[in-house]
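Please walk me through the structure shown below, beginning with a single residue and widening the view from there.

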Number of protein chains: 4
Amino acid sequence: MIEIRTDLAIENREMYQEQNEGEIPGIKVENKEGKDYTITRVRILDELGEKNLGKPRGIYITIESPKLKNSDQELKDEMSKVLAKEIKALGMNDENTKTLIVGLGNWNVTPDALGPKVIDRVLVTRQFFIAYKKDSDETVANVSALSPGVMGLTGIETGEIIKGIVEKTKPDLVIAIDALASRRMERVNTTIQLSDTGINPGAGIGNKRLGLNEEFLGVPVLSIGVPTVVDAATMVNDTMDLIIGSMKEQADVGTEFYGMLEGISNEDKYTLIKEVLEPYMSNLVVTPKEIDLIIDDLSIIIANGLNIALHHGIHLDDVNRYIR
Amino acid sequence: MIEIRTDLAIENREMYQEQNEGEIPGIKVENKEGKDYTITRVRILDELGEKNLGKPRGIYITIESPKLKNSDQELKDEMSKVLAKEIKALGMNDENTKTLIVGLGNWNVTPDALGPKVIDRVLVTRQFFIAYKKDSDETVANVSALSPGVMGLTGIETGEIIKGIVEKTKPDLVIAIDALASRRMERVNTTIQLSDTGINPGAGIGNKRLGLNEEFLGVPVLSIGVPTVVDAATMVNDTMDLIIGSMKEQADVGTEFYGMLEGISNEDKYTLIKEVLEPYMSNLVVTPKEIDLIIDDLSIIIANGLNIALHHGIHLDDVNRYIR
Amino acid sequence: MIEIRTDLAIENREMYQEQNEGEIPGIKVENKEGKDYTITRVRILDELGEKNLGKPRGIYITIESPKLKNSDQELKDEMSKVLAKEIKALGMNDENTKTLIVGLGNWNVTPDALGPKVIDRVLVTRQFFIAYKKDSDETVANVSALSPGVMGLTGIETGEIIKGIVEKTKPDLVIAIDALASRRMERVNTTIQLSDTGINPGAGIGNKRLGLNEEFLGVPVLSIGVPTVVDAATMVNDTMDLIIGSMKEQADVGTEFYGMLEGISNEDKYTLIKEVLEPYMSNLVVTPKEIDLIIDDLSIIIANGLNIALHHGIHLDDVNRYIR
Amino acid sequence: MIEIRTDLAIENREMYQEQNEGEIPGIKVENKEGKDYTITRVRILDELGEKNLGKPRGIYITIESPKLKNSDQELKDEMSKVLAKEIKALGMNDENTKTLIVGLGNWNVTPDALGPKVIDRVLVTRQFFIAYKKDSDETVANVSALSPGVMGLTGIETGEIIKGIVEKTKPDLVIAIDALASRRMERVNTTIQLSDTGINPGAGIGNKRLGLNEEFLGVPVLSIGVPTVVDAATMVNDTMDLIIGSMKEQADVGTEFYGMLEGISNEDKYTLIKEVLEPYMSNLVVTPKEIDLIIDDLSIIIANGLNIALHHGIHLDDVNRYIR
């Protein structure tokens, strides 16, 4: 399988389908169309599905809303509601669930700062449950939240920090928020992926080598992510494909050229691009120029979605009240 | 004992001496005068000393440099060196020590952000020891660092977070950096206190109820703090004393007035001030107006001091190279 | 007149009344009580009023809402509406007015950063009027906005920067936002003052030596300010008065003491405090510990108020949409 | 000429040379090799040179140091020195020159924040010349500094703000700092361009439509810029050229293919890429992932360079003392 960086299950599926006919054995896919968004639910059912998609079994839900880049406040509110609904539909939490929200990523690197910015904005309540020695509350659930930083900042693997805290505070559920990589520019900052499998080794754009999943932490892990970058080599690769496709249609050229293009496998082409770019391009990413403002907006959408989904007394009408 | 907020052992001693003659039983005090600074070492020797000073036994070192507010770069460098020397003299670390530095306090509240700002600036190396599977290095020691936030932000007690991480990463030494409260305006931002006793319940300006000490964490804890605020009631109280003292000298007034002043005990006076200020003044602090810049400067002094003290290959000449 | 730092006309009036009987000649005062706020309109009518109050003739409107510190979202929205209503009632702008909003103060010093933070949040539209060559619009008025910094940061007097921009862009109205000093802790962060006289030499907490007024700029200037600090000497002074008042009532002491207290004039007492505090206290201010968050909240209240007052198509229901 | 975005004179020259033989008529070029850097001085001598290079006559100096991305402190210090030397060699300032430094760009958009970040770090002195009524000083020159923001933030053209301030404060020299666009990834964040022609319409990555040049401002303008982004279409274009070049060499393919490639002009190819990317890619840029930290470092290099070049009493040994 080609080493194109993506964290989205729907893109693993697309890459499979580029090379194979029909649906992938071992997975089940459902689509739902809303007015301004599409929801795709990819279920990996068994070992075969795991192998074919390169991800552990579980559900991967993608909410795509291309219009999100138009910065429309109503659509943002709508996205928070849709996100909240999908979280609740997973059935991982109710009003008695103790949740620890973890904001992964590096707050010094704008496209990687989504997780920490969500943490700044979620409603944290665990301290009141402790202070008043309560087990439940009429309006809010027990929520704690933390941004552990990245290994380059702390010298400590994120997983170790989270596991230590989970052992001390014993939450029922961990929710991990992270910035993702996509292979398609049009998904960047317009797509939210949820999964009940947590975050697994090999995935992600950073150095998150330990998995943040139930196996490692001992409690279920819901992961929520947004692709915020496309790596530069991926973008060049995909654009070249589009260009060549376009040239094929337009140009009246003979068989030799097509033969040559078909002769170069996708892997070779991507490797070639990587090699060409290597000298000056380690760690290059493609982002919209206004990425700082976009990450702010996305963090509000997700924090609002979490506040609605976790706290039974908070509804969208008043959700902006709890946001900083 | 009066409930005046201070975290400085030398101020506990001053308060004792205001009401008693002679040195405090159970403690030993040494002074050292430098050109631009004074070092006071208060050693609490036994249970009697603990009771008299209201602090656990151990050593409390105070470096005072009133000129520090003049923003002189040479003096700042000097302070980093003095701090490094005092840290090393405590004998808590050598080049094989694995150290976890913890930055306590709330990054959203300027005078409480000293700890987190130091963490942003210390040289973190543990990730390289792991990546290269090394136990020691020619120039740097094994250092990790983290700002756990405060309970109001995370819903989790700072002590729980740190203890979880200590159990996972097994450092030999924890160094805790914190903003302190002083009762004397002249000590604010000009004084550094080190102690081998860690941070203990009751001390501090925040809600740090669990102790960060060897008893709780299982490893020695070095605490480093700077008083960054005086609480408003304390300042009014002390200023009134100065005023009244000044009035006594100047005014030619009779016995009745002195009698009255002496009749009001210190406790009563402070309580009275607290009551008068209460309605509009919960949580008021007194700071210099440029506190944002001062906290930045102090965090550089401490981070430089730590970088020199912990890493055997870093000296003051090149220490600014490792600072962000 | 005593040199106690205040920028509030109602406090100048209070100080006058502490030493004189009856209303101040040359001024007219109106009060209005709302549910959660009080509005006081002080009108300086003539030269006598100017002399008595130490401020140029014009109107000074104070909106006080002590509950504002409780961080209640509905009250904040209410304050934005009240502010918008008072701005409109001044009759300085309509939908064709070209307004330049100026955020005074130093963004590096939290309690002085109110103006710059408001500028970050107001809806700026002048660029669209230029791009589409329009003179008017159905929903928004022509608004530009700028934070000029302070002389310590730029080396340039604020007034020079603003005057240069006014000459180039020719607005009809300048609105200047500034952090103020109060003499009463209970007014800090709970009070908004508006005035049609702009900002005048001698007022303010910074080095704003040039006036920002119609005389200097050539266009009317509306000033909006919030007291965000009390200087430390003022606070000690006022607290001592409260304490001594309280002691008088409680203590059964004779005439000599009262005589002495009455013998010390207010001026002398304040001077004495200043002298005592001077050595270690230049530029000390008293603020709530959470001043960073409070300034954020206040900047949203004022920016929302301005957005409603200036743009005829924006109402409170949708005002939060235009806020960053 | 192709509409490829670049602000670097050396890249205009490269593009000319890709399509023409020999040196460009009307320009003169000098190269100097240092150990870790190359300096190229492009002088546009006459109208012919202006037309061929698409830039006004004057000198364009480029300092290129590919190793700069290795984050080596000594090289950074070296770059500050080289920059200072080049500034002084232009002969635009001496110790009596009154300089206004202008930081162009949007502080909310990381790769565009270089100018504002330099302003935060230069030593500003004009206020002292005014306070002490001095015309000259033994160690520092008269420097003021300002970040005017961008039109999207203020509603005012940058040029209008600067011109207003120049008319009020009458500097002898304006220095404008700006983030630039390059067409080559390897130049991003490793190249500094200086020019005595200021900033001219059409250049730049933002909406700076008024020129910041001597003609408009009435005083000489030195511009200093660093390319911080490559636009995405440019990067795809250049990478495709590299790939196709590489394929040509490797593949054993016949004449038809080469014929087709040669048949597509550069303009057509770039236009095709633009069209293909348009739907999802307005305003995409390519940057290193750690752009936030890189911009910080670059701003220190430039601010140090300016502090040395402008203030006769500041040398590299002590220059870090004046940096925040």
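Glu11(A) has a relative accessibility of 0% and therefore counts as buried, where buried means under 20% relative accessible area, exposed over 50% and partly exposed in between, computed with a 1.4 Å probe and protein chains only. This is a predicted model, in which local features need pLDDT of at least 70 and side-chain atom pairs count only at pLDDT 80 or more, while totals for chains, interfaces and linings use all residues. Residues are numbered from 1 along each chain as its sequence is written, chains are lettered from A and ligands numbered from 1 in the order in which they are written, and side-chain values use heavy atoms, leaving out hydrogens and water.

Glu11(A) forms a salt bridge with Arg187(A), with the closest N and O atoms 2.7 Å apart; the term stands for a side-chain nitrogen of Lys or Arg within 4 Å of a carboxyl oxygen of Asp or Glu. Because Glu11(A) lies in helix α1 (residues 9-19) and Arg187(A) in the loop between β6 (173-182) and β7 (191-195), the pair ties together parts that are 176 residues apart in sequence. Helices (H or I, at least four residues) and strands (E, at least two) are DSSP runs, numbered from the N terminus.

Arg187(A), which is buried with a relative accessible area of 6%, also meets the side chain of Glu64(A) in a salt bridge of 2.9 Å, N to O. Here strand β3 (residues 58-64), which holds Glu64(A), is linked to the loop between β6 and β7, the two residues being 123 apart. Glu11(A), Glu14(A), Glu64(A), Arg184(A) and Arg187(A) are linked in a network of salt bridges.
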